[in-house]
Amino acid sequence: MKRLDDFRLRLGRHELVPIVIGGMGVDISSSDLALEAARLGGVGHISDAMVNTLTDRRYKTKYTKAKQAQFQYNVASEDKSEVKFNLEHLAEATKLHVETTMARKQGNGLIFINCMEKLTMNGPKETLSVRMNAALDAGIDGITLAAGLHLGSFALIAEHPRFREAKLGIIVSSLRALQLFLKKNSRLNRLPDYVVIEGPLAGGHLGFGMDWAEYDLEKIVTEIHQYLLTEKLDIPLIAAGGIFTGSDAVRFLELGASGVQVATRFTVTRECGLPDDIKQEYFKASEADIEVNEISPTGYPMRMIKASPGIGDGIRPNCEAYGYLLDANGKCAYITSYNREVAAHPGERRVSVADKTCLCTHMRNFDIWTCGQLTWRLKDTTHRNPDGSYQLLSAEHVFKDYQFSTDNQVSLPEPELAVSA
Ligand SMILES: Cc1cc2nc3c(=O)[nH]c(=O)nc-3n(C[C@H](O)[C@H](O)[C@H](O)COP(=O)(O)O)c2cc1C
């Protein structure tokens with residue numbers, strides 16, 4: 001019986017353990033988590049979602065404060081079109097995050113950054129260009145383009161000296177999306193170095209509608225694999241979404257994938273950026289506690305734990321400080337919903353907004369608990385402590401479990417000995 005370790009993911013001259021830990025914003029796929037994947041010979045991701053806010057928290061920069069101060073005059077206004085990012089600050093923050101991470105890298109693996117197109121930042125093209133170019137300047141090994149079709153994204157870095165050397169990948173959920181991307185980029189003569197195929201069971205935003213349950217990752221991987229063979233395109237495929245054991249992973253490699261991207265099992269590791277009390281919420285969740293809803297202002301369905309405090313909350317939009325989801329015209333679907341509720345409930349100090357959420361504020365504060373569909377199985381991957389809480393895992397333990405397990409087994413960690421007084 002094969003193990004995942006019997007396969008290798010080849011990206012150019014790199015020969016990797018075929019395990020990619022997926023990008024998880026905002027700072028859930030922390031540097032520490034990505035560094036472990038690289039040390040163990042796989043691929044780790046950091047994410048540039050809300051990077052200014054992230055560096056303020058991690059490295060004590062003051063970008064958010066500066067933006068808030070600059071646009072303080074606009075806080076009560078419904079019109080957020082003037083609330084722009086300072087592109088120099090954005091470049092600095094991205095470089096700081098990437099350089100600090102890359103300086104600590106050990107081992108033969110790689111570290112990529114997850115760039116979501118839907119973080120339109122009231123200036124989609126110029127902000128994405130700054131984010132990608134700054135990450136390349138700072139020495140990132142590769143960029144994974146996520147949450148969007150990214151039809152023009154490669155062109156934004158085509159002049160960068162590392163355009164052909166850094167690894168560039170895209171995330172798609174259908175053959176059609178991949179075909180569109182390839183068609184649009186043909187004149188750049190630069191194929192993606194890898195394609196992540198994300199199925200309907202993944203965490204974060206989904207590349208499907210609310211009919212997500214009708215799709216099947218195995219079918220999509222098979223279809224895309226066949227297409228690439230027919231077109232004689234040699235692009236490694238990385239399957240993602242609901243791959244919970246090493247045996248699940250092997251199944252995809254036998255179908256033609258070259259690697260797997262996994263995330264959910266790492267949300268309960270010590271290295272993951274979620275606060276420890278929220279990791280316990282992930283452990284505790286049952287299948288009925290997980291839903292896919294449409295409250296993200298991006299317009300994509302998103303999977304989360306129903307008890308997330310951000311669901312239904314009616315906080316005032318905080319775009320002067322954040323504003324990462326403002327579209328090209330300074331609009332966000334949450335602002336519209338919030339204003340509607342405020343108008344319907346005059347004089348109320350705090351309204352409730354059911355149909356959309358202020359994703360910037362709530363992801364920043366870890367109040368939207370986005371998760372993969374198989375989060376409910378996490379409790380079976382560890383021990384229960386005497387106080388009822390679950391023992392956190394190490395990223396190394398989970399990584400090696402994927403790498404070496406067979407027969408759909410999940411190996412439990414060494415029990416932590418209770419400290420006696
Ligand atoms: C907590 C969480 C946050 C995520 N955030 C992002 C994100 O910011 N960008 C992205 O492209 N994918 C995101 N994802 C998707 C993962 O990178 C990954 O592709 C997917 O979840 C793999 O499926 P699995 O979680 O079942 O292993 C997120 C997943 C989780 C669990």
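Two residues are in contact here if their C-beta atoms, placed from the backbone, lie within 7 Å. The exercises below concern a predicted model.

**Exercise 1. Find which residues Val260 touches, leaving out residues up to four places away in sequence.**

Solution. Start with the core. The largest nonpolar core has 120 residues. Val260 is listed among those with the most contacts inside it, together with Ile143, Ile197, Ile238 and Ala239. Next, apply the contact rule to Val260. Its partners are Pro18, Ile19, Val20, Ile238, Ala239, Ala240, Ile243, Ala249 and Phe252. As background, nonpolar side chains tend to be buried together in soluble globular proteins.

**Exercise 2. Decide how many residues of strand E5 are buried, and which way they point.**

Solution. A residue is buried if 20 or more other C-beta atoms lie within 10 Å of its own. By this cut-off 7 of the 7 residues of E5 are buried, so the strand is largely enclosed by the rest of the structure. Now sort the side chains by direction. Leu110, Phe112, Asn114 and Met116 point one way, while Ile111, Ile113 and Cys115 point the other way.

**Exercise 3. Describe how E5 pairs with strands E4 and E6.**

Solution. Take E4 (residues 43-47) to begin with: E4 and E5 pair in the parallel sense over 5 bridges. Within that pairing, Val43 has Leu110 as its bridge partner. Then take E6 (residues 142-146), which pairs with E5 in the parallel sense over 5 bridges. Here Cys115 stands opposite Leu145. Finally, follow the chain from E5 to E6: it passes through helix H5 (residues 124-137), and this β-α-β crossover is right-handed.

**Exercise 4. Work out which parts of the structure helix H1 packs against.**

Solution. List the buried residues of H1 (residues 31-39): Ser31, Leu33, Ala34, Leu35, Glu36, Ala37 and Ala38. That is 7 of the 9 residues, so H1 is largely enclosed by the rest of the structure. These buried residues pack against strand E3 (19-21), E4, helix H4 (87-103), E5 and helix H13 (395-404). Just after H1, Gly41 takes a positive phi of about 95 degrees.

**Exercise 5. Met50 and Lys60 each have a positive phi. Is each buried or exposed?**

Solution. Most residues other than glycine have a negative phi. Met50, with a phi of about 55 degrees, lies in the loop between E4 and helix H2 (51-59). Met50 has 25 C-beta neighbours inside 10 Å and therefore counts as buried. Lys60, with a phi near 60 degrees, lies in the loop between H2 and helix H3 (63-70). Lys60 has 7 C-beta neighbours inside 10 Å and therefore counts as exposed.

**Exercise 6. Characterise the shell of residues around the ligand.**

Solution. Of the 30 residues around the ligand, Gly22, Ala146, Gly203, Gly204 and Gly372 come nearest. By type, the shell divides into 15 nonpolar, 14 polar and 1 charged. E5 (110-116) and E11 (259-262) each supply at least two residues of the shell.

Methods: Residues numbered from 1 in each chain as written. Predicted model: local features only at pLDDT ≥ 70, side-chain atom pairs only at ≥ 80, totals over all residues. Near = placed C-beta within 6 Å. Helix = DSSP H or I, 4+ residues; strand = E, 2+ residues; numbered from the N terminus. Nonpolar A, V, L, I, M, F, W, Y, C, P; charged D, E, K, R; others polar. Buried ≥ 20, exposed ≤ 12 C-beta atoms within 10 Å, placed from the backbone. Pairing = 2+ DSSP bridges. Right-handed = clockwise from strand over helix to strand, strands pointing away. Core = buried A, V, L, I, M, F, W, Y, C linked by C-beta atoms within 7 Å.
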